[in-house]
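Q: I have a model open and would like to learn how to read it. Can we start with the way helices pack?

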Amino acid sequence: MASSTLSKKQKKRDKYSLAELKTLGHQLLSSRAHVNNLPLLLSFITPTTRPQYALESLLSLQSFFTPLLPQLPSSSVSSSDSQNDPEFIYRIWVRSKFDDFVQSLLDIAICSQSDEALREVVLDTLMEFVKVGNGGKFHSAIYHRLLHIFVHSSLGVDDILPELLASKYFKYIDIRYFTYISMEKLSRTIEAKDISDDKNESPDTIDADKPKSSLALSTHKLYHLLSRIPPLEGSDGKSEYDMWNGAGIFAGKENDKGHSGKQCKDESSNIKVSPANIAKKMKLKFTKAWISFLRLPLPIDVYKEVLVNLHQVVIPYLSNPLMLCDFLTRSYDIGGVVSVMALSSLFVLMTQHGLEYPNFYEKLYALLEPSIFMAKHRAKFFQLLDSCLRSPLLPAYLAAAFCKKLSRLSLAVPPSGALVIVALIHNLLRRHPSINCLVHQEDGDETTKDITEAERETDDSIEDSSASREISNINPGIDLFDDKQTDPLKANAMRSSLWEVDTLRRHYCPPVSRFVLSLENDLTIRAKTTEVAVKDFSSGSYATIFGDEIRRRVKQVPLAFYTATPAKLFSESDFPGWTFKLKDEDNTAVLDNTSKENGHISAKRSRVESS
């Protein structure tokens, strides 16, 4: 039945030519007597209509509705409130047709089969209605419907719609303001939907993965929209902002307060708005939108991308950056590459915003695994690791544990990893003179006494140290460092030595064996030494090492020089007492010594028999 109705409408629309459609539009705009053309023109605003016909109808309807919008009643007003006023009934009817028009435009906007040029015109029309559709004020309801229908549609993340929004409209401060409001609402809606899906989930449900996939797609699109909104510049109150709506969204409150100083104007009116208060309100909406989004179950690719960019694009613009504490500590506790990505933002909160994280160094110590030297974001991790170990207030046992752990890892990592390890150990030994005993550890009462005094900086290590001393005295050749221990305090690093670094002096890679010689200097004399820039080695690889060696100028090059071309692989001088001959047929080398040995054996036998 529905298909037959659609086919009838299609046949009815096909009766009209493009010229007749233009005539219908002109009649509608010329006189109210032709208002019955309105439903007919609306029937052409569908995703299945030919683009030229849909565009012609759209232009006529936009010209008809735009001047009437300030006079139309709210959508919630019904005809029962009209008190038999014909003019009011007419406006309610026009309002209902306007709502139908907006819904038809939204259907075209989210239809991937629609013409891209038509979709762009549809978006511009919707944004014009957003601009003046609420009695001349910003119509946030239409804008929220547009974002809602896009986020919950089947369109992909790379669709043209968010790109058009970002390139044409996100430069306006009021568009950004209401985008943040919509992002917060949509995040809460998706979060509530995810909770209800989890409660209603059953093992026998057919297509159980569809809700999860649609949820992941919606989350992707939410993040794509949030990440495309440009950051708010000029929070010092000296910048001017462009506004899409002429009335302004902060005008009423600003005029009442009577702010003085430099103010910003929008392009289409003389209303002045204080940039300082705009920045304050935008920060609040920005914070609510991001915090609501980060509560969602993020897909792993979105999760990683958020963690990588959080310290640059989110934390500087939050009203209270410590609100990210729960999200970042949860991420840091996961371990592996997720913890590495969360380290940048967590470090910013600790150093710039006073976040206290008691187990920070224990978690950081646990991240030191061979796999970290092949991770994608290893360069940033090693630079942050060097920064985290910079403080002179770091306990000696903790600095020694990191130093020894890195030293042990140097035996199992690629040459590029060994280079960055040497750089980190160099800086640790220079910053913390109390751990220089690791360079040359000797058995004896004096060394043991020094180590014990260093360990007394912590309250928990005294009891465990006595047992370790007894073992070290009985077996002086045993390394007491426990590289499997995840707690630096219990790793027993202060009773070990950096013997692994000594093996690097004979490393097969020349840059490693050359660079490790820098540790032979007395690093306790800070005036004669400098720290090594870890960033120069943190992103190294086999390719960079090979390229550096190719470009390196070598003064003396070993050569294999022959006065004459060799006729054979080995000379007789290489094997004294042996001679090599060739058989005539297969050119196989035989040894004369075989016959000689056989002669000696037979002679021995004859002497034995005669005796």
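This is a predicted model: local features need pLDDT of at least 70, side-chain atom pairs count only at pLDDT 80 or more; totals for chains, interfaces and linings use all residues.

Q: Which residues of H6 and H7 make the contact?
A: H6 brings Leu123, Leu126, Met127, Phe129 and Val130. H7 brings Ile142, Tyr143 and Leu146.

Q: What describes two packed helices in general?
A: Two values do: the angle between the axes and the distance between them.

Q: What are the angle and the axis distance for H6 and H7?
A: Helix H6 covers residues 116-132, and helix H7 covers residues 140-151. They pack at an angle of about 145 degrees. Their axes are 8 Å apart.

Q: Now take H18 and H19. At what angle do their axes cross?
A: At roughly 155 degrees. The axes come within 10 Å. Helix H18 spans 396-409, and helix H19 spans residues 415-431.

Q: Which residues meet between H18 and H19?
A: From H18 come Ala399, Phe402, Cys403, Leu406, Ser407 and Leu409. From H19 come Ile421, Leu424, Ile425, Leu428 and Leu429. By class, this contact of H18 with H19 has 10 nonpolar residues, one polar and no charged.

Q: Let me try a single residue. Where is Leu389?
A: Leu389 lies in the loop between helix H17 (378-388) and helix H18.

Q: Is Leu389 buried or exposed?
A: Compare its relative accessibility with the cut-off: buried means under 20%. Leu389 has 1%, so it counts as buried.

Q: What does Leu389 touch, beyond residues up to four places away in sequence?
A: Tyr361, Leu394, Phe402, Leu428, Arg431 and His432.

Q: How far apart are Leu389 and Leu428 in sequence and in space?
A: They are 39 residues apart in sequence. In space they are 7.4 Å apart, C-alpha to C-alpha.

Q: His432 was in that list of contacts. Where is His432 found?
A: His432 sits in the loop between H19 and helix H20 (445-455). Its relative accessibility is 4%, so His432 counts as buried.

Q: Which residues are in contact with His432, leaving aside neighbours within four places in sequence?
A: Leu389, Ser391, Pro392, Leu394 and Ala399.

Notes:
Residues are numbered from 1 along each chain as its sequence is written. Side-chain values use heavy atoms; hydrogens and water are left out. Helices (H or I, at least four residues) and strands (E, at least two) are DSSP runs, numbered from the N terminus. Buried means under 20% relative accessible area, exposed over 50%, partly exposed in between (1.4 Å probe, protein chains only). Contact means heavy atoms within 4.5 Å. Axes are lines fitted to C-alpha atoms, for helices over the stretch in contact, and angles run from 0 to 180 degrees between N-to-C directions. Ala, Val, Leu, Ile, Met, Phe, Trp, Tyr, Cys and Pro count as nonpolar, Asp, Glu, Lys and Arg as charged, and the others, Gly among them, as polar.
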